[in-house]
Amino acid sequence: MSKRGEDRREKILDVAQASILQKGFSATSIEEILEKAHITKGGFFYHFPGKSELARALVERYLRDDMVFFDTLERRARELSDDPLQQMLLFINLLAEAMENLEDVHPGCLVASFTYESQLLDEDIKALIATGTLQWREKFAGMLARIEESHRANLEVDHDEVADMLSATIEGGIILSRVMADKALLVQQLKQYRNYIKLMYTPAAGVLA
């Protein structure tokens, strides 16, 4: 595909994602996407045979970008500390800082938006979303497992469950921020999760830094 063709495809995806995050998949029409992307119907169908193919491409791109984002934050945390606990705490700090630096309230999670309308999706897209969610769990759980190589937890820890808690904190924080129109709420939830991790692995923890 030519550079122009790639740019046009990305433009369609950008417009579709913004609309879906704002009002949902079912309420986003192809005609609306054509108008906002300034593209012909033939141009749209050249890239996407139908709305299902558009949804699949959106989910694939969103999950890929999320993993690149998380990988970048984890790599930066490892550069700043050799201690796995500090790496996890730094990772959450970096994530909170990224959310705090957004110009406006977080636009929302595309995976969550599609999940709310899962009855409109084919089984392949549902499986793709599930796989992506498991990848988040695997990443976060792996970071938690490394902590216990040098730190003893103050209570029994199920890495998958605590990893899922971070995913839930992110998703729940996004919803809170959008409902209350306050981006600080997502940041605050992430910092509370950080406090939880620090308390869980710090013997007789006192005042949190």
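1. Let me start with the salt bridges across the domain boundary: the rule finds 2 of them between domain 1 and domain 2. A salt bridge here is a side-chain nitrogen of Lys or Arg within 4 Å of a carboxyl oxygen of Asp or Glu. Please keep in mind that this is a predicted model, where local features need pLDDT of at least 70 and side-chain atom pairs count only at pLDDT 80 or more, while totals for chains, interfaces and linings use all residues. Residues are numbered from 1 along each chain as its sequence is written, and side-chain values use heavy atoms, with hydrogens and water left out.

2. On the division itself, domain 1 covers 1-48 and domain 2 covers 51-205; such bounds come from an automatic or database domain assignment. The C-alpha centres of the two domains are 28 Å apart.

3. How much area do domain 1 and domain 2 bury between them? The figure is about 1,600 Å², with 67% of it on carbon and sulfur atoms. Buried area means the accessible area (1.4 Å probe) that two parts lose on being put together, summed over both. On the domain 1 side, Q17, L21 and F25 lose the most area to domain 2, and together they make up 47% of what that side buries.

4. Counting contacts (heavy atoms within 4.5 Å), 16 residues of domain 1 touch 18 residues of domain 2. The interface also has 8 residue pairs in polar contact, both residues at pLDDT 80 or more. A polar contact is a pair of N or O atoms within 3.5 Å; within protein, one must be able to donate a hydrogen and the other to accept it, and residues adjacent in sequence count only if both atoms are side-chain atoms.

5. Which helix gives the largest share of the domain 1 side that touches domain 2? Helix α1 (residues 3-23) does, with 9 residues. Helices (H or I, at least four residues) are DSSP runs, numbered from the N terminus. By residue class, this side of domain 1 has 9 nonpolar, 4 polar and 3 charged residues. Ala, Val, Leu, Ile, Met, Phe, Trp, Tyr, Cys and Pro count as nonpolar, Asp, Glu, Lys and Arg as charged, and the others, Gly among them, as polar.

6. The structure as a whole holds 12 salt bridges. Among them, R61 pairs with D14 at 2.8 Å, N to O. E32 and K23 also meet at 2.8 Å, N to O. E32 is buried at 13% relative accessibility, whereas K23 is partly exposed at 42%. Buried means under 20% relative accessible area, exposed over 50%, and partly exposed in between (1.4 Å probe, protein chains only).

7. Helix α2 (residues 30-37) is worth a look around E32: I30, E32, I33, L34 and A37 are buried there. Just after α2, H38 takes a positive phi of about 55°.

8. In helix α4 (residues 51-80), E74 and R78 are 4 residues apart, so about one helical turn separates them. Their closest N and O atoms lie 3.6 Å apart in a salt bridge. E74 is buried at 11%, while R78 is partly exposed at 40%. Both belong to a salt-bridge network that links D71, E74, R78, K139 and R146.

9. Finally, K126 and E123 form a salt bridge at 3.4 Å, N to O. They sit 3 residues apart in helix α7 (residues 123-147), about one helical turn. K126 is partly exposed at 30%, and E123 is exposed at 56%.

Definitions and conventions: Helices (H or I, at least four residues) and strands (E, at least two) are DSSP runs, numbered from the N terminus.
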